[in-house]
Amino acid sequence: MNNWKHVDPAMAIQGEEVLRRLNDHGHQAFFVGGCVRDEMMKRPVTDMDITTSAKPEEVMALFEGSIPTGLQHGTVTVRMNGYHFEVTTFRTESGYEDFRRPSEVHFVDQVEEDLKRRDFTMNAIARDYAGHIIDPFNGVTDIARGIVRSVGLAEERFREDALRMLRGVRFASIFNFDIDSLTWDGLLAERDKLSHIAMERVRNEMDKLLAGPYPARGIGLLMDSELLHYIKAPVDLSRLDRSVLSLLDKLPQTTEYRLGLLLLLLGANSADADHKLRAWTYSGKVKDRMTRFLGLHEEVMNHLSKITKDHKQGLRSRHLREEWKLSLLKHGVPASEDWHVIHRLLPQSFYEMSGEEYLLLKELVEHAEVWRNEMGVYSLKELELSGSDLLRVTGRKGGPWLGETMNWLLRQVVTGQLVNKHDILLDAAKKVISDEK
């Protein structure tokens, strides 16, 4: 093994075996791109791409069970003892008619020619079997200096694949790097080309940026560059308060928490979010989580205002506690957890509310988790009395009354008005039904 320190040792051994076999049959072969970059940066390496002078058919002949994943671009997936390696023939590309895919691919003999087509210097570094580095564009120096720099002319690289502009911002965000001035100028000059890029690809870059260690830096760069004005589903970041962007970095390192805060900072309500997230091609699961979180936020803000206006000081805490629990029934426990994590961070300046309302909000943030755990039940199925029990005892036919009665019982249990015991619930239900007659 050639001293890979940030790679699964078993994967490194199998990857080196691919290089060795290609070399033994007279072909050049190198590790390339992200694996070389991340090893230099002492970051975990999760996959190892390989570039080679061997043509795709020659690679497939050398490695039994390999998969022709992209023959038109010279890519074969080689399987070695449970590990997969993308092996791509040295190539040049031209004719980028859709600002993404090349219409012409030409196989070449020199790795330096292949490295010319790559996006940024940090990704245009190759490493051979012996550990020697090929770095024609000074990517090693740029990594050491913390610079994102295009390979060659930035305008050309961005016209080849417009998504590279967002990738450059993502790299600057995740690595906490600066973007080279000429690369930045090229980005500004070509940003209108982003309108040709599918939203799935844009969203994938944004998700990676938000899940990285410095999302505030990335969002700040997106504000400065206005890149998101030019995508298929534009987003206006101009209203964001830069003074609170740093809160993104303080949230747990997952896309969902940071996306929730970003939507909140953008002033999105649950209806806005549903539309925006659909346009951004988010899954139904993420869309549901975000809209529930924002719906809970809206409801809490309304409750704070109403409780302050309608109740005296001594009664406000009780009503706050009850309304929080009832809101959880409506929007779900995950939404309450998202709300709590995010609102623990937000400063008073974020809220447009009276001092009395803010004191109530602070009380809710302090007690939210305790009050949530007090509930004991969170859905109808957790009640000791079922709807079928109620039908059997009363002898009545089903109808709207049944759902209304069962939900009333659930609210009473959650707010502590009733104990979750079969006989107690049944007696209460009978009384409600009797009173309605």
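**Exercise 1. Characterise the second largest cavity.**

Step 1, volume. The second largest cavity holds about 40 Å³ of space. A cavity here is a set of points, on a 1 Å grid over the protein atoms alone, where a 1.4 Å probe fits but cannot get out. Its volume is the space filled by probe spheres set on the points, with grid points joined across faces, edges and corners.

The model is predicted: local features need pLDDT of at least 70, side-chain atom pairs count only at pLDDT 80 or more, and totals for chains, interfaces and linings use all residues. Residues are numbered from 1 along each chain as its sequence is written, and side-chain values use heavy atoms, without hydrogens and water.

Step 2, lining (residues with an atom within 4 Å of a point). Val300, His303, Leu320, Glu323, Trp324, Ser327 and Leu364 line this cavity.

Step 3, elements (helices are DSSP runs of H or I, at least four residues, numbered from the N terminus). Helix H14 (284-310) and helix H15 (313-331) each give two or more residues. H15 has the largest share, 4 residues.

Step 4, classes. The lining has 4 nonpolar, 2 polar and 1 charged residues. Ala, Val, Leu, Ile, Met, Phe, Trp, Tyr, Cys and Pro count as nonpolar; Asp, Glu, Lys and Arg as charged; the others, Gly among them, as polar.

Definitions and conventions
On a 1 Å grid over the protein atoms alone, a cavity is a set of points where a 1.4 Å probe fits but cannot get out, and a pocket is an open set with protein on both sides within 12 Å along at least five of seven lines; lining residues have an atom within 4 Å of a point.
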